Amino acid sequence: MSAGVSDRAFVLQQTEAHVRELLSDDASGHDWWHIDRVRQLALHIGRSEQADLYVVELAALLHDIADWKFHDGDISVGPRRSAEWLASLGVEQATIDHVADIIANVSYKGAGVATPTSTLEGAVVQDADRLDALGAIGIARTFAYGGHAGQPMHDPTLPPQPHDSFDAYKNTKGTTINHFYEKLLLLKDRLQTPTGRKLAAERHAFMQQFLDRFHLEWRGEA
Ligand code: ADP
Ligand code: NI
């Protein structure tokens with residue numbers, strides 16, 4: 001069965017309700033509001049880049065339903081569950097495959113690990129997800145995640161680690177401040193769309209300002 005325009009509204013509405021339910025009590029930075037922000041950003045970027053907004057919205061909604069960090073590093077769970085969900089709604093196979101492919105490649109896997117996307121829609125959703133890790137929201141999420149993981153906020157004796165493999169990134173035991181140097185400040189150059197890059201530059205500058213101030217206060221100099 002292939003979904004017509006009216007079916008699309010139904011699929012989106014059912015998917016939103018499903019994801020809200022799945023992520024309702026997450027405290028790791030992947031709560032429903034992260035999904036909602038990524039969807040808004042992805043639609044905004046997708047509109048200016050002229051992407052297929054149906055695929056963009058579905059992939060944004062489903063991109064975090066089964067993160068590898070909470071499934072023993074298994075990156076296949078998210079794409080598989082998304083595909084099962086969309087199939088249960090009778091969505092056409094090409095859309096199912098496209099969304100699953102985007103979800104399989106959306107996640108960050110370490111500074112030295114390439115995460116290419118094969119379609120414009122993939123680039124749009126990946127950019128939106130990465131933007132939500134930057135700026136004021138990104139700072140808030142990073143400290144929320146650090147508390148959830150029980151890691152120290154900062155330790156000036158521990159230098160940031162370059163992660164040149166997905167294994168090294170996955171098994172890291174770091175500090176929250178180091179996460180800015182190991183990941184967040186590297187993101188702006190890894191966004192793919194012109195619209196995403198423009199938004200990232202502003203969010204990057206704001207984070208840099210926060211970190212400069214943080215270190216001044218840490219040393220009692222401000
Ligand atoms: P995404 O939604 O881009 O896949 P992640 O799952 O990598 O993001 O992370 C969710 C949030 O938690 C992000 O804001 C990210 O910066 C933050 N985070 C991830 N790993 C760490 C870490 N080791 N220390 C602090 N924050 C982290
Ligand atoms: Ni995400």
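Author: Let us begin with F214, which is buried, with a relative accessible area of 13%; buried means under 20% relative accessible area, exposed over 50% and partly exposed in between, with a 1.4 Å probe and protein chains only. This is a predicted model, in which local features need pLDDT of at least 70 and side-chain atom pairs count only at pLDDT 80 or more, whereas totals for chains, interfaces and linings use all residues. Side-chain values use heavy atoms, with hydrogens and water left out, residues are numbered from 1 along each chain as its sequence is written, and chains are lettered from A and ligands numbered from 1 in the order in which they are written.

Reader: How are the rings of F214 and W218 arranged, stacked or edge-to-face?

Author: A pair of aromatic rings is described by the distance of the centres and the angle of the planes. Rings of Phe, Tyr and Trp (its six-membered ring) pair if their centres lie within 6.5 Å; planes under 30 degrees apart count as stacked, over 60 as edge-to-face and the rest as tilted. The rings of F214 and W218 have centres 5.7 Å apart and planes at 20 degrees, so this pair is stacked. W218 is partly exposed, at 41% relative accessible area.

Reader: Which residues do ring pairs link into a cluster?

Author: The cluster consists of F143, F180, F210, F214 and W218. F143 and F210 form an edge-to-face pair, 6.1 Å centre to centre with 75 degrees between the planes.

Reader: Which protein donors does the nickel ion (ligand 2) have?

Author: Donors are N, O and S atoms within 2.8 Å of the metal (3.2 Å for Na, K and Ca); water is not among the atoms, so sites may look incomplete. Here they are H34 (NE2), H63 (NE2), D64 (OD) and D129 (OD), lying 2.1 to 2.2 Å from the nickel ion. H34 counts as buried because its relative accessibility is 0%, and H63 does so at 5%.

Reader: Which residues have the most contacts inside the largest nonpolar core?

Author: In soluble globular proteins, nonpolar side chains tend to be buried together. A nonpolar core is a set of buried Ala, Val, Leu, Ile, Met, Phe, Trp, Tyr and Cys residues joined through side-chain atoms within 4.5 Å. The largest one has 47 residues, and V19, L62, L86 and V99 have the most contacts inside it. Helix α3 (53-62) is among the contributing elements and gives the most, with 8 residues; helices (H or I, at least four residues) are DSSP runs, numbered from the N terminus.

Methods. Helices (H or I, at least four residues) and strands (E, at least two) are DSSP runs, numbered from the N terminus.
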